[in-house]
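Please look over the structure below before reading on. My comments are set out as numbered points.

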Amino acid sequence: MIRECMSSSLENRPEPPKVSIVMTAFNADRYIESSISAALAQDYANFEVVFLDDGSSDATENICKAIKDPRFHYIRCERMGRSRALNEAIRRASGDYIAINDADDLSVSWRLSYVVGFLLDNPDVAIAATRYIPADHFPATIPEISSQPAAAAGERPVSITVARLYRSNPLVHSTAIYPRSIWRRVKGYDESLEMCIDYDLFIRAMRHGGVVLLPLPAVIYYRNPSSFFKTKSSISYLHNLRIIRRRARTILPLPKWARIYDLIPWYAVIKWQVMNFVRGSMEQV
């Protein structure tokens with residue numbers, strides 16, 4: 001049974017478990033000052049921010065080296081790609097829990113206390129993510145979400161079923177927090193995948209515990225039109241998705257009827273291509 005959020009477990013501990021907020025970035029100097037500031041403004045008592053610069057050629061290094069907060073750790077590496085960068089950052093982190101924070105997303109100040117409190121009260125949960133506030137333009141500062149609401153209009157945490165996770169990824173990576181032990185047990189992010197590495201990790205983590213979506217939005221999620229995922233082709237997406245779902249069918253107790261979900265991404269891609277073709281034809285007329 002899932003216990004509610006707003007845990008007393010944090011209050012009963014002399015020192016809460018350490019959390020590592022993990023950020024990786026490649027040429028994201030436009031965003032990182034705000035995202036790092038938001039991460040460092042957490043009201044949680046025991047955390048660090050581990051920032052891995054994945055070979056940036058912009059002002060990322062100068063911005064990060066100017067930050068003097070002892071909780072902030074800057075790592076400069078040659079270009080290695082998203083999955084390897086995440087694994088390397090987590091290897092160098094010292095926290096008991098890993099909180100993913102994309103370089104262009106902002107965490108509200110109570111994100112860690114909210115989610116880690118829930119995880120402490122629910123040790124059988126492998127991944128806990130939250131809802132998010134979407135932003136079509138990058139916000140330089142966090143809107144007025146200064147304190148954690150006592151409840152989310154009666155909403156409860158949602159346990160993601162195997163079939164629901166197989167259908168599609170219902171979680172935003174930048175809202176996810178999980179025990180470091182889960183990362184070890186699944187052997188980290190799959191560095192052979194070009195995309196959907198979060199989806200793949202969530203599927204493999206489900207072998208070791210529940211996957212839960214918490215009701216309060218604890219991240220400002222920037223829908224960046226130039227994000228890595230949005231610049232990749234639909235063929236690459238389908239290729240990676242096929243690999244991930246093939247793995248899911250071998251490791252999870254998936255009901256046979258759920259295989260119908262294999263048709264959905266193909267339908268979506270074909271629909272998108274047809275719409276683009278029609279749009280292009282109309283523009284030529």
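1. Basis. This is a predicted model, in which local features need pLDDT of at least 70, side-chain atom pairs count only at pLDDT 80 or more, and totals for chains, interfaces and linings use all residues. Residues are numbered from 1 along each chain as its sequence is written, and side-chain values use heavy atoms, with hydrogens and water left out.

2. Whole chain. The protein chain has nine helices and nine strands; these are DSSP runs numbered from the N terminus, with helices being H or I of at least four residues and strands E of at least two. Of its 285 residues, 52% count as buried (under 20% relative accessible area, with exposed meaning over 50% and partly exposed in between; 1.4 Å probe, protein chains only).

3. Contacts along the sequence. Among contacts with a separation of 6 or more in the protein chain, 83% are between residues 24 or more positions apart (contact: heavy atoms within 4.5 Å).

4. Strand 9. Strand 6 (residues 125-135) pairs with strand 9 in the parallel sense over 10 bridges, pairing being called where DSSP finds at least two bridges between two strands. Within strand 9, Val211 is the bridge partner of Ile127.

5. Antiparallel partners of strand 9. Strand 7 (residues 158-159) runs antiparallel to strand 9 and is joined to it by two bridges; Ser159 has Val212 as its bridge partner there. Strand 5 is also antiparallel to strand 9, again with two bridges.

6. Ser107. Which residue of strand 9 is the bridge partner of Ser107? The partner is Val219. Ser107 lies in strand 5 (residues 106-107) and counts as buried because its relative accessibility is 1%.

7. Surroundings of Ser107. The side chain of Ser107 makes a polar contact of 2.7 Å with that of Asn101 and another of 3.0 Å with that of Arg111 (a pair of N or O atoms within 3.5 Å; within protein, one must be able to donate a hydrogen and the other to accept it, and residues adjacent in sequence count only if both atoms are side-chain atoms). Leaving aside neighbours within four places in sequence, Ser107 is in contact with Ala38, Gln42, Asn101, Ile142, Ala218 and Val219.
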